[in-house]
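I am opening the notebook on this chain. My entries follow the order in which I looked things up.

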Amino acid sequence: MTPRQIVAELDKYIVGQSAAKKAVAVAIRNRWRRQQLSAELRQDVTPKNIILIGPTGVGKTEIARRLASLVGAPFIKVEATKFTEVGYVGRDVESIIRDLTEAAIGLVKQEMRVKVREKAQEKVTERLLDLVVPLPKRTAWEPEQEKEDEERRRRTREKFRAKLEAGELEDHVVELTVEQKATPVQIFSNLGMENMDVDLQGMFDKMMPKNAQPRQLPVRDARKVLLEQETESLIDRAAVVEQAIERVENHGIVFLDEIDKVCGPSNGQGPDVSRQGVQRDLLPVVEGTTVNTKHGPVKTDHILFIAAGAFHVSKPADLMPELQGRFPIRVELTDLTKPDFLRVLTEPKHALPKQYAELLRTEGVELEFTTDGLEALADIAFDVNRANQNIGARRLHTVIEKVVEEVSFEGPDLDNKRVVIDGAFVRSKLGPVIQREDLSKYIL
């Protein structure tokens with residue numbers, strides 16, 4: 001996708017913040033541009049990492065979520081607060097790359113599933129026919145009788161094939177041997193031993209006997225089980241891993257949220273003792289290092305990192321100078337204004353009023369938001385944000401929920417199934433709360 005197309009897609013879900021959208025779109029396009037260069041030059045072109053700075057609720061995380069669905073590249077969103085300095089109990093930052101590699105393997109596997117699906121379906125049909133028309137038991141070997149039996153069985157098989165394709169055998173019960181998947185072993189997950197790259201689950205799978213049990217299933221369910229088995233058998237696991245690692249190294253994107261929460265002076269006291277340590281551990285991963293995973297070594301030199309943070313208490317300058325230098329592109333996201341709140345309620349593809357209207361339509365209730373009703377919601381959300389803690393567009397969730405709370409509760413029992421939410425309706429529900437500012441802090 002061109003940068004303009006990426007921005008156009010993001011505009012469907014996120015209001016404003018054009019600078020952030022442009023920066024992200026250019027960074028994504030640069031991944032493609034780098035691939036068009038000669039191999040010699042390609043190695044020297046490093047990604048221009050981005051840091052998004054802005055208050056909560058203005059679209060930083062939403063940009064990451066929508067970006068993940070747009071790009072066909074390995075993508076992972078993580079919170080910096082999940083990680084601790086090596087030596088402390090918790091996850092170390094190299095697990096980001098391991099998780100990204102797993103995400104890439106899932107992505108490549110899904111693509112390969114689509115490629116082998118047709119062949120797998122053919123095999124499933126043959127296996128179903130084997131289950132529906134089993135081989136007869138032989139007594140003594142007679143060449144002439146064997147030919148007749150084989151011909152008879154072939155005709156019977158073709159008849160059943162036609163029935164199977166016509167969907168006449170969907171309720172026919174067959175016996176199928178199904179392997180029970182072993183429960184994943186997570187001995188070390190809570191002990192801060194993320195750097196142990198031994199595939200313990202694989203070891204236990206090889207050591208433990210296969211737990212295969214016969215199950216009685218109708219053809220419609222047996223087809224799903226067999227399709228899964230045949231698809232897995234047709235996928236080349238070595239090729240999947242090889243492609244996944246190549247994609248991670250050249251196209252991988254990491255969205256590092258809450259980066260501001262690991263900022264701050266190194267005072268060596270209190271619960272934040274490892275903040276500087278997390279930054280120090282992040283530095284080599286962002287700069288470029290080799291991380292060992294259970295699928296093999298992965299180089300991080302060309303992975304794109306997009307960091308984001310509100311920076312309410314700290315500021316970007318509080319990050320380590322070396323880490324700051326690795327995020328050359330800084331984009332500030334702006335606070336939402338009253339017109340922005342109104343756009344959030346009307347423009348996005350799945351705007352909140354549309355969601356509530358569709359939810360209540362399942363009960364037969366027609367919920368209609370008038371123009372002045374939407375304007376009243378936007379005004380109140382903006383005013384409450386200004387008077388209390390500014391939580392951006394998330395305030396709209398609270399305000400709308402309070403307005404439609406009674407309708408949602410009474411929905412199934414309403415006599416009048418058409419509810420119009422206009423300015424007067426909104427103010428009647430929220431007016432008393434807004435007038436009492438001390439109470440609004442707790443309710444809105």
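**Entry 1: Arg 247**

I started with Arg 247, which sits in helix H9, residues 237-251. I keep in mind that this is a predicted model. Is Arg 247 buried or exposed? Its relative accessible area is 16%. The cut-off for buried is under 20%, so Arg 247 counts as buried. Next I asked which side chain makes a polar contact with that of Arg 247. I found Glu 111, with the two side chains joined at 2.5 Å. I then listed what Arg 247 touches, leaving out residues up to four places away in sequence. The list reads Gly 72, Pro 74, Leu 107, Val 108, Glu 111 and Gly 252.

**Entry 2: confidence**

The protein chain has an average pLDDT of 80. A score of at least 70 is reached by 83% of the residues. Which elements mark the two ends of the range? Helix H17, residues 437-443, has the lowest mean pLDDT, at 52. Strand S7, residues 296-299, has the highest, at 91. I also noted residues 186-198, where the pLDDT is below 50. That stretch has 18 contacts in the model beyond near neighbours in sequence.

**Entry 3: helix H1**

I moved to helix H1, residues 3-11, and looked for its buried residues. I noted Ile 6, Val 7 and Leu 10. An α-helix has 3.6 residues a turn, so residues three or four places apart point the same way. What covers the buried residues of H1? The cover includes helix H2 (18-35) and helix H4 (60-70).

**Entry 4: the annotated site**

Gly 59 lies in the loop between strand S1 (50-53) and H4. Its relative accessible area is 14%, so Gly 59 is buried. Arg 394 belongs to helix H15, residues 394-410. At 42% relative accessible area, Arg 394 is partly exposed. Beyond residues up to four places away in sequence, Arg 394 touches Thr 56 and Gly 57. With Thr 56 there is a polar contact between side chains, at 2.5 Å.

**Entry 5: positive phi**

Last, I looked at the backbone. Most residues other than glycine have a negative phi, and most peptide bonds are trans. Gln 17 has a positive phi, near 55 degrees. Where is Gln 17 placed? I found it in the loop between H1 and H2. Gln 17 counts as buried, at 8% relative accessibility.

Glu 258 is not a glycine, yet its phi is positive, at about 55 degrees. Glu 258 sits in the loop between strand S5 (253-257) and helix H10 (275-287). With a relative accessible area of 26%, Glu 258 is partly exposed.

Methods: Residues are numbered from 1 along each chain as its sequence is written. Side-chain values use heavy atoms; hydrogens and water are left out. pLDDT is the predictor's confidence in each residue, from 0 to 100. Helices (H or I, at least four residues) and strands (E, at least two) are DSSP runs, numbered from the N terminus. Contact means heavy atoms within 4.5 Å. Buried means under 20% relative accessible area, exposed over 50%, partly exposed in between (1.4 Å probe, protein chains only). A polar contact is a pair of N or O atoms within 3.5 Å; within protein, one must be able to donate a hydrogen and the other to accept it, and residues adjacent in sequence count only if both atoms are side-chain atoms.
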